[in-house]
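Subject: Structure handover

Hello,

Here is the structure for you to look through. My notes on it follow below.

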Amino acid sequence: MSAPIPLIAGNWKMNGAGPALAEASAIAAGAPAAGVRVALCPPATLVERMSRALAGSPVELGGQDCHAQPGGAFTGDISAEMLADAGASLVILGHSERRAGHDEGDADVAAKVSAALKAGLEPIVCVGETQAEREAGQALEVVTRQVRASLPAELAGRAFTLAYEPVWAIGTGLTPSLQDIVEVHQAIRATLRDMFGQAGAAPAILYGGSVKPGNAAEILALPEVGGALVGGASLKAAEFLAIVEGAPRA
Ligand code: PEP
């Protein structure tokens, strides 16, 4: 099975209103047409407007979370169907800011993954250890457990992406050593093969956590690193496109 096409996905988190669409348009204009996938995941209020800004470009569009139910009495929540209706084709699930700030466990993430698949969205499922867990030598155990419990069986044969994001590296300017990144990515790949057989070779495994133009190329060249999930550096087109530029082409 050939290596997955690298994906560089920008997570805008709770940043950006109408004027920020100019950055999305600049990213659309500068994104390569083939060899690497580029995606933007803006806040929910921008999804529909961004789908218009990205129309005709190769840049894909994603949400940052969805509810596990397709609809109902869930004030403030957004379903996978609603994201798809607004023009999204991807959704980030299980980001550590959702796990920590909204008390989401692996079972919640797995239910959301199922909901995303039903709506035709490709899930980007995030896993990663805390600083305390890394210092205790538990990083591989924690990440492997999260992968097993956050990915429902119906993912077999479906398009999905994993993102390894050490919690302590997100927004901090800190990154693991290159060797540590490879070790975790290889453990994730072994787990995917164990869970899904040959199909476990297909999903890209992204690295996320303080990826910047200055460190992207060396991280993206590592074995089993199939792209990046980028927070802060995805808000400005020039920075984000410089990261895209450093990605190996399929
Ligand atoms: C993220 O939000 O997923 C992330 C990796 O953020 P940052 O790039 O800012 O560390």
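Helices and strands here are DSSP runs, numbered from the N terminus, where a helix has at least four residues and a strand at least two. Please keep in mind that this is a predicted model.

The barrel

Eight strands close into a barrel, and their order is β1-β2-β3-β4-β5-β6-β7-β8. The pairing in this barrel is parallel. On average, neighbouring strands of the sheet are turned by 25° against each other, with direction ignored. As background, the strands of a sheet pair through backbone hydrogen bonds, and the pairing is either parallel or antiparallel.

Five bridges join β1 to β2, and the two run parallel. Four bridges join β1 to β8, again with the strands running parallel. Gly-10 can be followed in both directions: the bridge partner of Gly-10 in β2 is Leu-40, while in β8 Gly-10 stands opposite Val-230.

Strand β8 also pairs with β7. Residues 205–208 form β7 and residues 227–230 form β8, and the two pair in the parallel sense over two bridges. Tyr-207 has Ala-228 in β8 as its bridge partner, and Gly-208 stands opposite Leu-229 in β8.

The ligand

Which residues are closest to the ligand? The ligand is surrounded by 14 residues, and the closest are Lys-13, Glu-165, Gly-171, Ser-210 and Gly-231. By type, this shell divides into four nonpolar, eight polar and two charged residues.

- Lys-13: a polar side-chain atom lies 2.7 Å from a ligand oxygen.
- Gly-231: a backbone N or O atom lies 2.8 Å from a ligand oxygen.
- Asn-11: an N or O atom of the side chain is 3.2 Å from a ligand oxygen.

On its own the ligand has 300 Å² of accessible area, and the protein covers 97% of it.

Most residues other than glycine have a negative phi.

Asp-103 also has a positive phi, near 55°, and is not a glycine. Asp-103 sits in the loop between α4 (96–101) and α5 (106–118). Asp-103 counts as exposed because its relative accessibility is 68%, and the cut-off for exposed is over 50%.

Ala-3 belongs to the segment before β1. With 62% relative accessibility, Ala-3 counts as exposed. Ala-3 and Ala-202 are 199 residues apart along the chain, yet their C-alpha atoms are separated by 6.9 Å.

Regards

Methods:
Residues numbered from 1 in each chain as written. Predicted model: local features only at pLDDT ≥ 70, side-chain atom pairs only at ≥ 80, totals over all residues. Heavy atoms only, no water. Near = heavy atom within 4 Å. Polar contact = N/O pair within 3.5 Å; in protein donor to acceptor, adjacent residues only side chain to side chain. Areas by Shrake-Rupley, 256 points an atom, 1.4 Å probe, with all protein chains shown as cover. Nonpolar A, V, L, I, M, F, W, Y, C, P; charged D, E, K, R; others polar. Buried < 20%, exposed > 50% of the residue type's maximum accessible area, 1.4 Å probe, protein only. Pairing = 2+ DSSP bridges. Axes fitted to C-alpha atoms, helices over the stretch in contact; angles between N-to-C directions.
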